Amino acid sequence: MITINSDGKIMVRRCLVTLRPFRLFVLGIGFFTLCFLMTSLGGQFSARRLGDSPFTVHTEVIGALESRVVLRKMSDLLELMVKRMDTMMRLENGSELHREDKGYVMDRFPPGAKLMEKIQAIAQNVSDIAVKVDQILRNSVLHSKVSEGQRDQCEVPNDPKYPDCSGKVEWMHARWTSDPCYAFFGVDGTECSFLIYLSEVEWFCPLLSWRNQTAMLPAAKPLPEVQASFRSNLSHLLELIGSGKESLIFMKKRIKQLAAHWVLAAQRLEAKLKGAGRDQKQILIHIGFLTEESGDVFSPRVLKGGPLGEMVQWADILAVLFVLGHNLKITVSLKELQSNLGVPPGRGSCPLTIPLPFDLIYTDYHGLQQMKQHMGLSFKKYRCRFRVIDTFGTEPAYNHEEYATLHGYRTNWGYWNFNPKQFMTMFPHTPDNSFMGFVSEELNSTEKEFIKNNKASNMAVVYGKEASIWKGKEKFLSILNKYMEIHGTVYYETQRPPEVPAFVKNHGLLPQQEFQQLLRKAKLFIGFGFPYEGPAPLEAIANGCIFLQSRFSPPHSSLNHEFFRGKPTSREVFSQHPYAENFIGKPHVWTVDYNNSEEFEAAIKAIMKIQVDPYLPYEYTCEGMLERIYAYIQHQDFCTTTEPSPLVGPPQPARAPTSLAPNTTYLVWPHNSSLGSEAWPPFHSFQGWLAETGRTCTDACLDRGLICEPSFFHFLNTQDAFLKLNVSCDRTESEMNHLYPAFAQLGQECYLQKEPILYSCAGSNIKYRRLCPCRDFQKGQVALCQHCL
């Protein structure tokens, strides 16, 4: 048995009874008091910290006044404790005397009197601190009364420079609690907090004279100027893209596949530029259609035959911007987007918390909608920096919100009031938008020769990976089967799709490399009318195939076809792939009426007899796309002009020095004029024509081997232009209409454009002859004039 000395028992008991209940309790009270003081006083001093809300001082003072009361109560509590502990110590001392009589030595334990002295000292210190806090708070309250007096006296200013101020204050009265972001910026329901917010965070009211301007949001600082240099290693881009989605994996594979082509294209462009310096841009790329919030219907279908055209284009855009040497941020989630933009907490009613740290933002319609919902007024402030990847294009009539609403052009995708050139398309549908494009793999001479020598003379591949595209096409396939062996790449999981006839050799969904090998063997690539304007026909033509497609009669448009309904364009599509029909044509592209069996079969027979070389338009090569995007970044600036006319170029002259070209009926820019030589496109590329009745400016310019250039419309939007073109106007009016400037022969009336962002190459009416600005263009590069690089 282990025996314990009775002295030890007594010592342990006294430690538990005397030492811990009193000393630990007092220690805890002291520690709690210290923390409480640091919190209370710290709040006073931190209320003035830079970056804190300018409205928190008032609430902090009130909180500290309550803290002073608590400190006094703590001091009273400690005094009460001292009295009670004094009584307990007397009882304890009596017990100690009784134990001494029994021979215990107590010298090792501090007497109760010493403990009492320490408790009394702490109580006195707490009392002294309470007095000091009281003095600090009195000074703070006295100081705050000056500001409070000013805050209580705030009146809505009547300043003609800020006509919306009073209306915004009234709105804040009624709705400031509708979004937590207002409280985040310090709005507390008082008139002054409304005015401070509306003058310092937003810009509807003038600044208050008594406000400390350092409390305002940080002013926008110019982004650092760094020289961009071409990149030859794309590995960091693959890291920026990330993973986790099949769509991202597909895009990374495509970038890897074309990496050598991008590097070679960059070297060629660098040689053309001859060392010309350029600034590195800070660019945000937000791929909205891949976010979970937009549904991301594309990623799950990548491996099931779903459309890949958008992902092909985005992969190429990322590669171009990276190879050009710009600094990229890539987001495919709303949370990442909010973090990169500096979105305040709440529902998106307030501006960003920081100046926008990006020179350019590339996004799509889904991303545009997300940013509009979360950027508040900052969306309008920075809208000139957006570049919208828009597959089918947005015409000016659909882009202008008021005009679209009044004239029936409003859709779910339009009415952004952007400069139409900010929309960037997959194909050059309309010159009103900028042509972004994509690339197809360019073959070298050895590869082209190999393809020519190994082409099958009777092999056809059908354009369509989804079984639904094949439905009802048995008649065409039966005719084609008489002359050619038919191959398909239709996706299926277990059983062969019933829509695919038994005589078709279906390979299933093929990886990109294997699909290209199939195209290199085939003679014909045939489309059944859908999908519209995808990248596959260009890839087939680049691999030596002839593309056969259907002619639409009547043409498909938003008026008669479900696929185009709701899209912000009135464009009429006369075939499955208008670009291939109009810009490439025979012998590479054949467009026939599939409803006419004889015409269809005659085309098959003719195709059997000819052989073509692989062909790829320059604008769809890596070098062509690199040049185009380089030119856009260097020259397109939609932020330097004033509203409501966001046009590129210097201030417009009242009368442009245009004149009739010798022995012609069109206007030109005088060669001896130095005005506009620094503009982009340069003014000397301009030609002004009077179109035939009912023709669009797009078609009128193409008829003359030119491209419509909307930035030149202001040269023709004058009475002087009509006079120089020998048009007699009995009456001239200025109105908002996307067809103006134009001449109405009935009544000899001339119409000028009142709203510059409605200048449109698209659109026609049998009533009008439109005045059309045209320009020259580089062979194989319609987006750039001959001297635009």
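This is a predicted model: local features need pLDDT of at least 70, side-chain atom pairs count only at pLDDT 80 or more; totals for chains, interfaces and linings use all residues.

**A helix pair and some salt bridges**

Let me start where two helices touch: Cys165, Lys168, Val169, Met172 and His173 of helix 4 meet Glu191, Phe194, Leu195, Tyr197 and Leu198 of helix 6. By type, the residues of this contact are seven nonpolar, one polar and two charged.

How do the two helices pack? Helix 4, residues 165-175, and helix 6, residues 191-201, pack at an angle of about 125 degrees, and their axes are 10 Å apart. Helix 4 is therefore oblique to helix 6. The crossing of helix 4 past helix 6 is right-handed.

Now the charged pairs. The whole structure has 20 salt bridges. One of them joins Lys452 and Asp613, with the closest N and O atoms 3.2 Å apart. Lys452 is in helix 16 and Asp613 is in the loop between helix 21 and helix 22, so this pair ties together parts 161 residues apart in sequence. Lys452 is partly exposed, at 30% relative accessibility, and Asp613 is partly exposed at 42%.

Next, Glu709 and Arg775 form a salt bridge, the closest N and O atoms being 2.8 Å apart. Is Glu709 buried or exposed? Glu709 counts as buried, at 3% relative accessibility, and Arg775 is buried with a relative accessible area of 3%.

Within helix 25, Asp720 and Lys724 lie four residues apart, about one turn of the helix. Their side chains meet in a salt bridge, 3.1 Å from N to O.

Last, Arg268, Lys272, Glu623 and Glu627 are linked in a network of salt bridges.

Terms used. Residues are numbered from 1 along each chain as its sequence is written. Side-chain values use heavy atoms; hydrogens and water are left out. Axes are lines fitted to C-alpha atoms, for helices over the stretch in contact, and angles run from 0 to 180 degrees between N-to-C directions. Angles under 35 degrees count as roughly parallel, over 145 as roughly antiparallel, 65 to 115 as roughly perpendicular and the rest as oblique. A crossing is left-handed if the near helix is turned anticlockwise from the far one by less than a right angle, and right-handed if clockwise. Contact means heavy atoms within 4.5 Å. Ala, Val, Leu, Ile, Met, Phe, Trp, Tyr, Cys and Pro count as nonpolar, Asp, Glu, Lys and Arg as charged, and the others, Gly among them, as polar. A salt bridge is a side-chain nitrogen of Lys or Arg within 4 Å of a carboxyl oxygen of Asp or Glu. Buried means under 20% relative accessible area, exposed over 50%, partly exposed in between (1.4 Å probe, protein chains only).
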